[in-house]
Amino acid sequence: MPPRLVNITVDCTDAAALAQFYAELLEQPVDPEANRDFATIGRETMSPTLMFLRVPDRNPGKNVVHLDLAATDWRDQIERAISLGAKHIADFDEYGITWSTLADPEGNLFDIAKG
């Protein structure tokens with residue numbers, strides 16, 4: 001039996017705060033018992049679960065794993081992410097896909113695609 005994808009893990013400095021950002025962005029609740037060291041979103045409602053772990057030193061430079069989100073109201077969701085604390089990095093239109101790259105409040109990159 002092959003392995004299953006169960007979590008997407010984000011290293012961060014404040015797990016509860018970053019989980020709250022993504023919970024609001026995805027309109028999902030932060031799971032109970034979230035704290036500065038460990039937090040999750042979607043243990044009961046999403047697969048995979050988003051997991052946030054506080055680490056003493058993060059990998060410098062571009063993160064190698066990021067979230068790709070998609071929305072039919074693309075521009076509205078980009079503006080919403082910015083209002084929640086994200087920073088708009090750039091817009092792209094390649095490979096038949098239009099998307100924007102943003103950085104969450106801790107600088108982790110994520111994309112929101114049109115669609």
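**A strand residue and its setting**

Tutor: T49 is found in strand 3; helices (H or I, at least four residues) and strands (E, at least two) are DSSP runs, numbered from the N terminus. The model is predicted, so that local features need pLDDT of at least 70 and side-chain atom pairs count only at pLDDT 80 or more, whereas totals for chains, interfaces and linings use all residues. Residues are numbered from 1 along each chain as its sequence is written, and side-chain values use heavy atoms, with hydrogens and water left out.

T49 has a relative accessible area of 7% and is therefore buried (under 20% relative accessible area, with exposed over 50% and partly exposed in between; 1.4 Å probe, protein chains only). Apart from neighbours within four places in sequence, T49 is in contact with V6, N7, I8, T40, I41, G42 and R43, contact meaning heavy atoms within 4.5 Å.

Strand 3 (residues 49-54) runs antiparallel to strand 2, and four bridges join the two. T40 has M51 of strand 3 as its bridge partner. Three strands make up an open sheet of mixed pairing, in the order 1-3-2; two strands pair if DSSP finds at least two bridges between them. Strand 1 (7-12) and strand 2 (38-41) are the edge strands, each pairing on one side only. From one strand to the next, the twist averages 20°. Helix 1 (residues 15-26) packs on this sheet and touches strand 1, strand 2 and strand 3, its direction making about 155° with that of strand 3. Axes here are lines fitted to C-alpha atoms, for helices over the stretch in contact, and angles run from 0 to 180 degrees between N-to-C directions.

The largest nonpolar core has 22 residues, and those touching the most other members are Y22, I41, F52, A81, L102, F110 and I112. Such a core is a set of buried Ala, Val, Leu, Ile, Met, Phe, Trp, Tyr and Cys residues joined through side-chain atoms within 4.5 Å. Helix 1 supplies the largest share of this core, seven residues. At least three residues come from each of domain 1 (1-56) and domain 2 (66-114), whose bounds come from an automatic or database domain assignment.

Between the domains, 14 residues of domain 1 are in contact with 12 residues of domain 2. The area buried there is about 1100 Å², with carbon and sulfur atoms giving 66%; buried area is the accessible area (1.4 Å probe) that two parts lose on being put together, summed over both. In domain 1, F21, Y22 and L25 lose the most area to domain 2, together 51% of what that side buries.
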